[in-house]
Amino acid sequence: MRSDTMATHFKHYINGRWETGVTIGVSENPSDLADVVGEFARADAAQADSAIRAAADAREAWAHSTPQRRAEVLDFIGSELLARKDELGALLAREEGKTLPEAIGEAARAGQIFKFFAGEALRIPGEKLASVRPGVEVEITREPVGVVGLIAPWNFPLAIPAWKIAPALAYGNTVVFKPAELVPGCAWALAEIISRSGLPAGAFNLVLGSGRRVGQTIVESPLVDAISFTGSVPVGEALLATATARRARVQLEMGGKNPLVVLADAALDRAVEHAIQGAYYSTGQRCTASSRIIVEAPVFDRFASLMRQRTAALVVGHALERGTQIGPVVSADQLAQDLSYVDIGRSEGAEWLCGGEALERPTRGHYMSPALFIAQPRHRIAREEIFGPLACLIRADDYDHALALANDTPFGLCAGICTDSLARATHFKRHAQAGMVMVNLPTAGVDPHVPFGGRKASSHGPREQGRHAVEFYTTVKTAYVQAA
């Protein structure tokens, strides 16, 4: 039963029961390192295997449950997330460092995702066709894949688990969910709501712990039929090799180095705001962040000046404080990595414009001023995903050059363009090598009911979110029927 106070000891949820772990970890507030969000249980491989077996035992019952029952379960979860969005947003801001307005918005988005898939549970598609043979009918139906392992990152600790868990359950799969160790409180809060939704024991399981133990057990288990992973490229590639060797279904989202192209005909003030929001909001810790801002030569100097002024004016502070625009970096390790890229940019000859310094605030935390550089396409800060508040400006000779620079990356998650030209916007939408394209909008910011995913090194497998999620979480069956 939920109390009005959030738990401070976050446990596993396995086979319908809350369990302690083999060891204990601590979740800290990156805005205030003296504030302990809570202790969390850490599982070993045996405990992870127990969760997998519970999901395997529950798979038949949940797979054959009615669409109405699944819809009611998901609607319950979505309704509670929406009703408690302020409370859950405060927990998210405290644990991950996202500003409170952003965190509340994410909690609401998670609720909307569950509500959407409550409807999709009643709309699972199928077909009935005539055969080429007389008297024979053909039925094409979709069935659950089985047990799915869901491995989520820390940067969207409610929304990304929601867009994995909701479709998995909607289409009749059972779930083993492993969140990132930096955000156990958010995972526990979501699991606690799910635990009261009416699911049978074992249909949903939460296992807290490291990727080395829990994640690897999920990836290697022959009982896990499909794995959806969001995280880094090296981990995703290793996961893919292991899981596909045993023929498991795999879906990967692995980041990006996203371009925002600004053409000379764009409204510059608006383009600067799109660049600021895309590059620095959520502390730049988004796979959709605009880390490469490619500006056409005639307006480059003016745009750079405006961008420098806006970047330097951003308010960095405690995630829960009113007026904060940029919260802390999520952890000490991430802050060290971000600051190292500032040094790399300087050492390689990129032109530093502002920011890139560790900051002190009234509370001790992982604070960094947003960094802005003018870079060349060859510079590492213009090629490698940093996942922090660092962006670079790149000069383009003309539109064709800007498009070539935009596509000059191994990633392909999203791309944006700011222009008043319908012809250029149309051409860019068609020729940008990305899974998502934004026109006169920030690259970061997507709707919960449409496909999410990229190309090249950014993604593998079917899209997440929206109706296209059915492609990953179901398998197709064709049946032939001869009238008696």
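Two strands are said to pair if DSSP finds at least two bridges between them. Helices (H or I, at least four residues) and strands (E, at least two) are themselves DSSP runs, numbered from the N terminus. With these terms in place, I turn to the strands at the start of the chain.

Strand β4 (residues 23–29) pairs with β5 in the antiparallel sense, over seven bridges. A hairpin of two residues joins β4 to β5, and S27 stands opposite G38 in β5. Strand β5 (residues 32–42) also pairs with strand β1 (residues 9–10), here in the parallel sense and over two bridges. In that pairing, H9 has E39 of β5 as its bridge partner.

Before I continue, a word on the source. This is a predicted model, in which local features need pLDDT of at least 70 and side-chain atom pairs count only at pLDDT 80 or more, while totals for chains, interfaces and linings use all residues. Residues are numbered from 1 along each chain as its sequence is written, and side-chain values use heavy atoms, with hydrogens and water left out.

The next topic is an open sheet. Three strands form it, in the order β6-β7-β25, with antiparallel pairing. The strands β6 (127–130) and β25 (474–482) stand at the edges with a single partner strand each, so one side of each is left without a neighbour in the sheet. From one strand to the next, the twist averages 20°; the axes behind such angles are lines fitted to C-alpha atoms, for helices over the stretch in contact, and angles run from 0 to 180 degrees between N-to-C directions. Four antiparallel bridges connect β6 with strand β7 (residues 136–144), and K128 stands opposite E139 in β7. As a general point, side chains in a regular strand alternate between the two faces of the sheet.

I now come to the aromatic residues. Rings of Phe, Tyr and Trp (its six-membered ring) pair if their centres lie within 6.5 Å; planes under 30 degrees apart count as stacked, over 60 as edge-to-face and the rest as tilted. How many aromatic pairs does a search of the whole structure find? The search finds nine. In one of them, the ring centres of W154 and F387 are 5.5 Å apart and the planes stand at 85°, so the pair is edge-to-face. This pair links distant parts of the chain, 233 residues apart: W154 is in the loop between β8 (147–151) and α5 (159–170), and F387 is in the loop between β18 (371–374) and β19 (390–396). W154 counts as buried at 15% relative accessibility, where buried means under 20% relative accessible area, exposed over 50%, and partly exposed in between (1.4 Å probe, protein chains only).

Another aromatic pair, F177 and F204, is tilted, at 6.4 Å centre to centre and 40° between the planes. F177 lies in strand β9 (residues 174–178) and F204 in strand β10 (residues 204–206), 27 residues apart. Both F177 and F204 are buried.

My last topic is empty space. Rolling a probe the size of a water molecule over the atoms shows where such space is left. On a 1 Å grid over the protein atoms alone, a cavity is a set of points where a 1.4 Å probe fits but cannot get out, and a pocket is an open set with protein on both sides within 12 Å along at least five of seven lines; lining residues have an atom within 4 Å of a point. Grid points are joined across faces, edges and corners, and a volume is the space filled by probe spheres set on the points.

The largest pocket has a volume of about 1,000 Å³. Of its 37 lining residues, W154, F229, G231, S232 and V235 are the closest to the centre. The second largest pocket has a volume of about 390 Å³ and is lined by 20 residues, with R109, F156, S282, R286 and G445 nearest its centre. Its largest share, four residues, comes from α4.

As for cavities, the search finds four of 30 Å³ or more. The largest cavity has a volume of about 100 Å³, and among the 15 residues that line it, G284, A289, S291, I386 and F387 are the closest to its centre.

Finally, D338 is in helix α11 and is buried, with a relative accessible area of 0%. D338 and G388 are 50 residues apart in sequence, and 5.9 Å apart in space, C-alpha to C-alpha.
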